[in-house]
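This report walks through a few local features of one protein model. The sequence and the structure come before the details.

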Amino acid sequence: SQSPKVLGLQARACNCHCFLLIRHVQASQRTIALIAEMIHTASLVHDDVIDDASSRRGKHTVNKIWGEKKAVLAGDLILSAASIALARIGNTTVISILTQVIEDLVRGEFLQLGSKENENERFAHYLEKTFKKTASLIANSCKAVSVLGCPDPVVHEIAYQYGKNIGIAFQLIDDVLDFTSCSDQMGKPTSADLKLGLATGPVLFACQQFPEMNAMIMRRFSLPGDVDRARQYVLQSDGVQQTTYLAQQYCHEAIREISKLRPSPERDALIQLSEIVLTRDK
């Protein structure tokens with residue numbers, strides 16, 4: 001995961017912005033990276049139970065090896081350890097920022113379980129789900145790190161906006177790779193989202209060109225042949241290009257935000273990182 005790297009850089013960039021000579025990462029800021037990883041890991045363990053997934057990044061999932069009940073409990077245990085570490089930091093603002101992430105993860109999962117009949121609402125629903133399930137973690141972790149390093153609320157908002165935009169762009173590219181990458185690169189079967197009944201960005205864009213996809217989206221690609229047909233429609237459309245272009249717009253917004261900070265090697269690394277998000281292939 002890239003998030004500890006992002007948070008370390010964010011910490012240094014914010015510390016440098018507010019206190020010119022202080023560049024080192026505080027212990028409490030490092031703990032935020034640890035907590036963010038634990039919340040992320042717990043959510044993946046639970047996600048795999050919900051999706052009944054047997055592999056992740058080419059390895060067997062917890063539920064595949066130990067069963068659903070133990071996987072649910074394992075996710076809960078990791079979350080409780082994260083909560084203890086969070087309480088030990090002893091900053092109530094930071095506690096409320098990071099507990100928001102846990103709420104967003106659950107609400108995002110609920111959004112993913114539902115679907116919108118109205119085409120116009122569908123894309124907003126997808127982006128809200130993407131924010132809650134992926135971007136909220138990085139946005140609020142970046143904000144928490146900045147709160148611990150800098151008293152200026154303007155900087156907290158810059159950190160949050162950077163994390164939010166990078167997080168959404170990351171997930172959009174992930175959704176593209178589900179169509180363009182081969183399964184051994186991703187460590188999971190391609191078209192995994194379609195098989196789960198999920199209409200991601202490339203599908204929603206393709207649906208604008210091929211309205212006959214609507215029925216498939218509504219039945220969550222449940223009929224035999226739906227997954228393959230939907231995949232073909234997406235590859236015939238410019239859904240992949242449009243989703244990639246949307247990710248670029250989010251990355252440019254992230255760069256615009258972080259560029260408001262005082263120049264530092266760490267700030268420039270965060271700018272570079274937003275470009276790497278767009279070019280990854282797994």
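Which residues does N63 touch, not counting residues up to four places away in sequence? In this predicted model, the residues that N63 touches under that condition are D48, V49, D52, A53, E68 and A71.

**The setting of N63**

N63 is part of helix α3, which covers residues 62–66. With a relative accessible area of 10%, N63 counts as buried, because the cut-off for that class is under 20%. Two backbone oxygens are reached by the N63 side chain: the backbone oxygen of D48 at 3.4 Å and the backbone oxygen of A53 at 2.9 Å.

**A nonpolar patch on the surface**

On the surface, a nonpolar patch is formed by I50, V106, F110 and L113. Together these residues have about 420 Å² of accessible area. Helix α5, residues 92–113, gives the most to the patch, with 3 residues. L113 lies in this helix. Is L113 buried or exposed? L113 has a relative accessible area of 54% and is therefore exposed, since that class begins over 50%.

**Aromatic pairs**

The structure holds 3 aromatic pairs. Two of them are set out below, with the distance between ring centres and the angle between ring planes.

| Pair | Type | Centre to centre | Angle between planes |
|---|---|---|---|
| F123 and Y126 | edge-to-face | 5.6 Å | 80 degrees |
| F210 and Y233 | tilted | 5.1 Å | 40 degrees |

The pair of F210 and Y233 links distant parts of the chain, 23 residues apart. F210 sits in the loop between α10 (201–209) and α11 (213–218), while Y233 belongs to helix α12, residues 226–236. Both F210 and Y233 are buried.

F123 and Y126 are in helix α6, residues 119–149. Why are F123 and Y126 separated by about one helical turn? The separation is about one turn because F123 and Y126 are 3 residues apart in that helix. Both F123 and Y126 are buried. Ring pairs also join F123 and Y126 with F205 into a cluster.

**In brief**

How values were computed. Residues are numbered from 1 along each chain as its sequence is written. This is a predicted model: local features need pLDDT of at least 70, side-chain atom pairs count only at pLDDT 80 or more; totals for chains, interfaces and linings use all residues. Side-chain values use heavy atoms; hydrogens and water are left out. Helices (H or I, at least four residues) and strands (E, at least two) are DSSP runs, numbered from the N terminus. Buried means under 20% relative accessible area, exposed over 50%, partly exposed in between (1.4 Å probe, protein chains only). A polar contact is a pair of N or O atoms within 3.5 Å; within protein, one must be able to donate a hydrogen and the other to accept it, and residues adjacent in sequence count only if both atoms are side-chain atoms. Contact means heavy atoms within 4.5 Å. Patches are made of residues with over 30% relative accessible area and no salt bridge: like charges are joined within 9 Å, nonpolar side chains (Val, Leu, Ile, Met, Phe, Trp, Tyr) within 5 Å. Accessible areas come from the Shrake-Rupley method with a 1.4 Å probe; for residues, only the protein chains shown count as cover. A salt bridge is a side-chain nitrogen of Lys or Arg within 4 Å of a carboxyl oxygen of Asp or Glu. Rings of Phe, Tyr and Trp (its six-membered ring) pair if their centres lie within 6.5 Å; planes under 30 degrees apart count as stacked, over 60 as edge-to-face and the rest as tilted.
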